[in-house]
Amino acid sequence: MTTTFLVLLGPPSVIPKASFAAETVGKDPDCNDASCLGVWDGLLADCPHPQDKMAAVYSTGAGCASSQDDTPGVFAEPWDYSDAPSYSLDYRDQMKLLLPAIQLLCSKRGDGVEILLQEGRYLRVLFTDGKTKEKSVGEFYFTPNDTTVQFRVGGIQDDVMKQGGGGLSAAFLSSSSMKNLDRCEMILKELRYTKVPVLRNRKRALFFVESDFDSFGPGSAALGPPAEMTTGELEGRQDVDPRLKIDSVQNFPFAGRRR
């Protein structure tokens, strides 16, 4: 069996290093499933993956967006603040900018926003769509030892938040809506951050076009805690030469072609 990974293409300062101890923050210690909120061993949980894709098309909710879940329809590139106008590489300064940017965007859109938890590098907020009243939980995490921001923003059932064991978990909805992907894009632009280029290993089932039958490498959360990964799993596949050209059909380097 061949395992594939995300490859982050960026300066060394934004590539995760295997030397730091992964932290857990904002997570209910009694929650051990995909609905868990918070950072668990350095990772946010994946978005829900519906078994019935047609049912997801007609389901309610604002959809889900995640920078660590390499699944079509939910994946969005992590953010990098190394070139942001603030010129500060301190996550605490960037945290002070993130929340006002979210609040300003929500004000422009007519949405509501409520802070659920702000702890260290982690921020959790509750969005309420001003038009549809759909609710979404947003999680933002400033990764240690680099300048990236990981995030997950997912629609939840209206007024359904489960309390348990001293922490919150959310009943995330499976939906094909792109609203939260759009919301994350707007927050990115408000902050004037940049996206971290990510090379995904997409294998097309239909040779010339992308389709729902295509296969992808697992999301970061599926690979386990960073502390248990090898350097190659964190920084990309060990057997991939970054100088190789990208195959325009499979979107992954050919082994025998060099620049």
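This is a predicted model: local features need pLDDT of at least 70, side-chain atom pairs count only at pLDDT 80 or more; totals for chains, interfaces and linings use all residues.
View A. Residues are numbered from 1 along each chain as its sequence is written, and side-chain values use heavy atoms, with hydrogens and water left out. Asp 111 meets Arg 109 in a salt bridge of 2.6 Å, N to O, where a salt bridge is a side-chain nitrogen of Lys or Arg within 4 Å of a carboxyl oxygen of Asp or Glu. Arg 109 counts as partly exposed, at 28% relative accessibility. The side chain of Arg 183 also meets that of Asp 111 in a salt bridge, at 3.3 Å from N to O. Because Arg 183 lies in helix 3 and Asp 111 in the loop between helix 2 and strand 4 (112-119), this pair ties together parts that are 72 residues apart in sequence. Through shared partners, these salt bridges join Arg 109, Asp 111 and Arg 183 into one network. Helices (H or I, at least four residues) and strands (E, at least two) are DSSP runs, numbered from the N terminus.

**View B. The salt bridge between Lys 108 and Glu 190, whose closest N and O atoms are 3.3 Å apart.** Lys 108 belongs to helix 2 (residues 91-109) and Glu 190 to helix 3 (residues 179-191), so the pair ties together parts that are 82 residues apart in sequence. Lys 108 is exposed, with a relative accessible area of 57%, whereas Glu 190 is partly exposed, at 26%. A search of the whole structure finds 7 salt bridges.

**View C. The two sides of helix 2, with buried residues that include Tyr 91, Leu 98 and Ile 102.** Seen down the axis of helix 2, the buried residues fall within an arc of 165°, taken from the directions from the helix axis to the C-beta atoms, so they line one face of the helix. On the other side of helix 2, Arg 92, Lys 96, Ser 107 and Lys 108 are exposed. The buried residues are covered by elements including strand 4, strand 5, strand 6 (135-142) and helix 3. Just after helix 2, Gly 110 takes a positive phi of about 80°.

**View D. The hairpin of strand 4 and strand 5, which has 2 residues between the strands.** Strand 4 and strand 5 (residues 122-128) pair in the antiparallel sense over 7 bridges, where pairing requires that DSSP finds at least two bridges between the strands. Ile 115 has Val 125 in strand 5 as its bridge partner, and in this hairpin Gly 120 takes a positive phi near 60°.

**View E. Ser 66 in strand 2 (residues 64-66).** Ser 66 is buried, with a relative accessible area of 1%, and its side chain reaches the backbone nitrogen of Asp 69 at 3.1 Å. Not counting residues up to four places away in sequence, Ser 66 touches residues including Cys 47, Val 74 and Phe 151, where contact means heavy atoms within 4.5 Å.

How values were computed
Buried means under 20% relative accessible area, exposed over 50%, partly exposed in between (1.4 Å probe, protein chains only). A polar contact is a pair of N or O atoms within 3.5 Å; within protein, one must be able to donate a hydrogen and the other to accept it, and residues adjacent in sequence count only if both atoms are side-chain atoms.
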